[in-house]
Amino acid sequence: MATLKEAILKQIVPDEVVSLTKDIVRIPSYTADETEVARFLHAYFQKQGFESELQEVDPGRFQTIARLRGTGGGKSLMLNGHIDIDPIPSGWVRDPWTPTIEGDRFYGAGVYNMKGGVAAMIMGAVAARRAGRLQGDVIVACVDGELQGGVGTVHMLKKGMRADMAVVPEPYSTKHIITKHTGVMELAVHVLGRSVHISRMEQGINAIAKAARVVQALETVKLTGQPDPDLPGLPRLNVGTIVGGRGRELELRGANIVIILDIRFPASVTPDSALADVRRALDGAAAADKDLKYEIEFPIRPERRQFREVMLPLSVPASEPIVQILKANVIAIVGEEPTVGAHSPQSYAGNDTSHLWGAGIPCCLYGPAGGYDEGRSDRWTSIEQIVACARVFGATIADICA
């Protein structure tokens, strides 16, 4: 007689995994516009026999939290993946909204980050639903706004959702289980000017010129804290966005410049200490220029659709049961032992494990990866890895929730 794990693995059909991936890739779901794909997944889960809830993260903005309820007495597992996707970069040749299969490569908008992983976690859970009853619950969290710092996962946790363990299938490859990553925070620096007619420009303050000095000051910031040998590239700061001449409300009026600063930091740095270091550098620039006025906006206001949550650094012990169970299933299904811990460059990105671990949920990262076409922006994910991850997740459900 087949074991529950064998029964679950038998229910994972590669063509069905690919079909679901195609369905969700066809639906645009840029950050803050995830509702259409959330509604699709809500209907899908209900059809598959799951309990499903549409959670309103922001007014009119929804995410999908599904549950396969067990009979009781078992451990619960959360599979958590974000449904917001990166912007389509220039230079993409194929139609990003028409899924394209070329050999093992699945091309399409957001398949890499991270609809391939979302499809894998869903199909692992669906296979468990078809194979038989579990004792513990399986929670499949299809969350909004990971690219804003994890607003969907933060919302879900505030609503009281918890599990005994969790896996987040970010696109880090079937060769790696990531248990350690950087902290991430973003802040906005408003550089204030004084707008006057060009005939009286000597009486004005050119915010663009002042912003250049602010950027130079930001490039000198040294964050207070000790280096982490596992993440030697930390800390790092980057001025990634400048919006000018639009006022504090980013309107077509006003004379100030908004600079968005991305900060990646190790565990020895806190958001407060990073903010103090930034302010110290800007105060020095302002002291040298009486006309340089600035304001720091932190956290960034929700209406800006920017990164508005802090992702604290993650360091989960490799001895945690979720890590060891996942590792054993990777070895059995993929056929090679994965690395465990920090891995470059993946560990220089933040993700929702930060919030899950902070809420007391042991967790780690494992998901299907791919790459870019040489000389193009078209991004793809390995179909073999998507299916392998679905199988690993199904086997892990059997070990934890049976």
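## A buried strand

Strand β6 (residues 138–143) has 6 of its 6 residues buried, so it is largely enclosed by the rest of the structure. Buried means under 20% relative accessible area, exposed over 50%, and partly exposed in between (1.4 Å probe, protein chains only). Strands (E, at least two residues) and helices (H or I, at least four) are DSSP runs, numbered from the N terminus.

This is a predicted model: local features need pLDDT of at least 70, side-chain atom pairs count only at pLDDT 80 or more, and totals for chains, interfaces and linings use all residues. Residues are numbered from 1 along each chain as its sequence is written, and side-chain values use heavy atoms, leaving out hydrogens and water.

In β6, Val138, Val140 and Cys142 point one way. Ile139, Ala141 and Val143 point the other way.

Two strands pair if DSSP finds at least two bridges between them. Strand β2 (residues 61–68) pairs with β6 in the antiparallel sense, over 5 bridges. There, Thr64 stands opposite Cys142. Strand β3 pairs with β6 in the parallel sense, over 6 bridges. His82 stands opposite Val143 of β6.

## A four-stranded open sheet

An open sheet holds 4 strands in the order β4-β5-β18-β17, with antiparallel pairing. Neighbouring strands are turned by 30° against each other on average, direction ignored. Axes are lines fitted to C-alpha atoms, for helices over the stretch in contact, and angles run from 0 to 180 degrees between N-to-C directions.

β4 and β5 (residues 105–107) are joined by 3 bridges. Thr100 faces Tyr107 in β5. Helix α4 (residues 111–131) packs on the sheet, touching β5, β17 and β18 (379–382). Contact means heavy atoms within 4.5 Å. The direction of α4 makes about 30° with that of β18. Helix α10 (residues 383–401) lies across β4, β5 and β18, at about 45° to β18.

## Aromatic rings

The whole structure has 4 aromatic pairs. Rings of Phe, Tyr and Trp (its six-membered ring) pair if their centres lie within 6.5 Å; planes under 30 degrees apart count as stacked, over 60 as edge-to-face and the rest as tilted. Tyr30 and Trp97 have ring centres 5.8 Å apart and planes at 85°, so the pair is edge-to-face. The two residues are 67 residues apart in the chain. Tyr30 is partly exposed, at 31% relative accessible area. Trp97 is partly exposed at 25%.
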